[in-house]
Amino acid sequence: MCGIVGIISDETKTADIIDSLKKLEYRGYDSSGIAFVKDGRIEVYKSVGKIEALKNSIKNLLDEKVEVGIAHTRWATHGQPNDINAHPHTDCTGKIAIVHNGIIENFRELRGMLEALGHKFKSDTDTEVIAHLIEEEYSGDLFEAVMKAIRKLDGAYAIGVIHSDHPDMIVAARKGSPLVIGIGEDTTILASDVTPIIRYTKDVIFLEDGDVALLKKGKVEIYRSSGEKVERRVQHINWDESAAEKGGYDHFMIKEIMEEPMVISSAMTGRVRSGRVDIPEIKEIDFSKIRRINLVACGTSYHAALFFKYFVEFHTDLDVLVEVSSEFRYRKPHVDKDTLTIAISQSGETADTLESIRLAKRLGSRIIAITNVVGSTITRESDISIMMNSGPEIGVAATKTYVAQLTVLLLLGLQIIEQRGFWAGRHEKIFDTLLRLPEVFSSILDSSDRIREIAEDFKDYNHFMYIGRGYGYPTALEGALKLKEISYIHAEGYPAGELKHGPIALLDENFPVFAIAPQDSLYQKMKSNIMECRARNAKIIALTTSENRDILQVADIILEVPKVPEELYPLVMSPVIQLFAYHVAVLKRHDPDKPRNLAKSVTVE
Ligand code: F6R
């Protein structure tokens with residue numbers, strides 16, 4: 001996720017701005033840049049790679065005092081990671097510089113309009129349109145120009161803007177992406193989160209969506225984008241830097257789970273237009289001409305792929321093949337030019353998935369990558385990439401990226417359903433509920449404390465069986481994987497109907513069962529399977545739909561999620577299985593962010 005820093009002070013050197021930017025390194029980035037006003041001119045320096053490279057590029061200027069400066073770490077979304085696409089971006093006059101975090105959905109339309117007015121663009125980014133828009137609106141008042149410009153933006157943004165004629169101010173605005181302001185004695189600082197601010201002050205203001213702030217030395221004024229002035233509470237924080245990086249949480253994993261409502265919104269941003277799914281990246285693919293879809297993925301990404309198979313096969317006439325990449329690459333798969341291959345990988349670097357792409361390509365298949373890392377090897381070797389836009393995931397176990405994968409796959413599935421002529425009222429309902437999911441997720445995440453209490457009661461078991469049917473099966477697999485990889489408890493994920501073909505022999509009072517049992521079309525079958533487990537004295541945790549009293553007959557512990565169309569249960573149940581695994585791991589005193597023997601990106605076979 002991009003990081004923003006802006007500082008106004010009499011005492012600031014460029015080195016201080018760079019040091020503040022370094023505090024945002026933990027968020028992940030592919031390039032960085034800085035802009036400041038010197039001798040009445042804006043100077044901009046950018047560098048791909050580490051902030052250290054940026055620092056080296058301005059070695060001679062590090063001791064230079066600057067009144068105002070902005071800096072940025074970029075996590076690419078539009079355009080490759082390179083020096084030109086790195087922020088800050090400037091307008092045609094070079095007097096305005098801007099840093100931005102978020103995605104501008106209508107940037108193509110705006111860019112066309114601005115080019116028609118004679119503006120010259122240098123980068124491929126959505127951000128640069130904001131600089132030119134401000135230039136277009138500017139007639140001596142920077143604050144006014146920013147106000148007018150942001151009213152034309154659709155999408156999400158947190159921005160910091162400076163102008164060479166106004167070296168005493170930064171104008172900042174937020175909608176959908178966070179921004180925090182710290183007001184120290186002689187320094188006012190703007191940042192994406194509190195980490196760079198702590199060094200200057202612990203009194204901060206968190207901007208709200210729709211706020212526009214005018215930062216000057218030692219003071220700030222905040223307005224709504226409608227123009228009305230507002231007061232925001234100054235909050236005193238007691239976090240040290242390590243707590244601040246984690247947003248005050250104990251671990252990145254829980255912080256990232258708590259980000260899931262935002263992750264769903266970002267995955268949908270720019271992909272819904274006029275009440276329909278419209279994924280711009282795949283506009284040239286005619287899904288009515290495709291004969292089959294082939295998915296390759298590993299681990300958690302494989303579970304997302306499995307969900308997609310169930311979803312698309314159920315709602316269309318397409319065959320969907322799914323295979324773990326490490327098997328696919330050594331088989332003789334029936335993939336050809338009429339087969340579309342979709343590779344799912346949060347890191348974009350998984351060796352087996354990459355080799356599977358190469359094999360599918362040799363067989364004539366077109367490749368779509370669904371990944372979270374722009375410029376990763378998998379994006380470079382695929383024909384089309386659909387980005388998950390979740391921001392970097394620091395916890396090794398995939399959590400928010402799984403949620404983003406499911407969201408993107410649901411959107412893709414809905415688009416395929418429509419193009420193949422199967423769209424019906426049910427899909428309208430799935431689509432409408434998907435749009436509301438960020439709110440639904442927030443309510444589910446509120447149950448974290450209760451899930452911890454349950455985790456406390458179950459943490460000392462040595463084995464767990466996760467079971468599910470239909471859409472509940474990928475969730476059972478993912479629940480078992482999360483638990484085993486971070487708590488080191490043996491956990492199996494099984495289709496509930498398979499239990500009696502062997503694994504039920506394992507069950508007894510020391511082998512609890514985590515049943516994925518929403519009130520969906522297979523609920524009664526699932527209930528019978530739970531009864532079979534209970535008959536072997538296994539304790540049952542049932543993850544079901546709210547107000548399902550019927551499950552009380554068979555379960556010892558009940559966890560609930562709101563009722564949604566059954567195709568959405570894998571998504572809404574994800575935070576519950578993740579939180580359960582997280583709390584068990586922490587209660588067992590394991591570090592959930594760095595599970596033993598595992599790596600965030602698996603670049604070897
Ligand atoms: C589990 C987990 C792994 C990854 C797998 C594939 O929490 O993170 O199972 O899902 O290694 O990784 P990507 O998605 O990067 O290809």
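A salt bridge is a side-chain nitrogen of Lys or Arg within 4 Å of a carboxyl oxygen of Asp or Glu. By this rule the count comes to 42 salt bridges in the model, which is a predicted one. The legends below visit a few of these pairs and some other local features.

**Figure 1. The three domains, and how domain 2 meets domain 3.** Let us start with the layout: domain 1 covers residues 3-243, domain 2 covers 270-438 and domain 3 covers 447-593. At their interface, 26 residues of domain 2 are in contact with 21 residues of domain 3. Together the two domains bury about 2,000 Å², and carbon and sulfur atoms give 71% of that area. On the domain 2 side, the residues that lose the most area to domain 3 are His303, Tyr310 and Tyr402, which together make up 25% of what that side buries.

Figure 2. Which two side chains meet in a salt bridge of 2.8 Å, N to O? They are those of Glu567 and Arg426. Between domain 2 and domain 3 the count is one salt bridge. The interface also has eight residue pairs in polar contact, with both partners at pLDDT 80 or more. On the side of domain 2 that touches domain 3, at least two residues come from each of the helices α9 (299-315), α13 (400-419) and α14 (425-445). Helix α9 gives the most to this side, with nine residues.

**Figure 3. The aromatic pair of Phe143 and Tyr223.** Here is one of the twelve aromatic pairs that the structure holds. A pair of aromatic rings is described by the distance of the centres and the angle of the planes. For Phe143 and Tyr223 these values are 5.0 Å centre to centre and 55 degrees between the planes, and the pair counts as tilted. Phe143 sits in helix α5 (residues 142-150) and Tyr223 in strand β13 (residues 219-224), so this pair ties together parts that are 80 residues apart in sequence.

**Figure 4. The salt bridge between Glu208 and Arg232.** The closest N and O atoms of Glu208 and Arg232 are 3.8 Å apart, and the two residues form a salt bridge. Glu208 belongs to the loop between β11 (203-206) and β12 (211-216), while Arg232 belongs to the loop between β14 (229-230) and β15 (235-236). The pair thus links distant parts of the chain, 24 residues apart.

Figure 5. Most residues other than glycine have a negative phi, and most peptide bonds are trans. The peptide bond from His87 to Pro88, however, is cis, with omega near 0 degrees. Pro88 is placed in the loop between β4 (68-74) and β5 (89-90). Ser274 is not a glycine, yet its phi is positive, about 45 degrees. This serine, Ser274, is found in the loop between β16 (272-273) and β17 (276-277).

Technical notes:
Residues are numbered from 1 along each chain as its sequence is written. This is a predicted model: local features need pLDDT of at least 70, side-chain atom pairs count only at pLDDT 80 or more; totals for chains, interfaces and linings use all residues. Side-chain values use heavy atoms; hydrogens and water are left out. Domain bounds come from an automatic or database domain assignment. Contact means heavy atoms within 4.5 Å. Buried area is the accessible area (1.4 Å probe) that two parts lose on being put together, summed over both. A polar contact is a pair of N or O atoms within 3.5 Å; within protein, one must be able to donate a hydrogen and the other to accept it, and residues adjacent in sequence count only if both atoms are side-chain atoms. Helices (H or I, at least four residues) and strands (E, at least two) are DSSP runs, numbered from the N terminus. Rings of Phe, Tyr and Trp (its six-membered ring) pair if their centres lie within 6.5 Å; planes under 30 degrees apart count as stacked, over 60 as edge-to-face and the rest as tilted.
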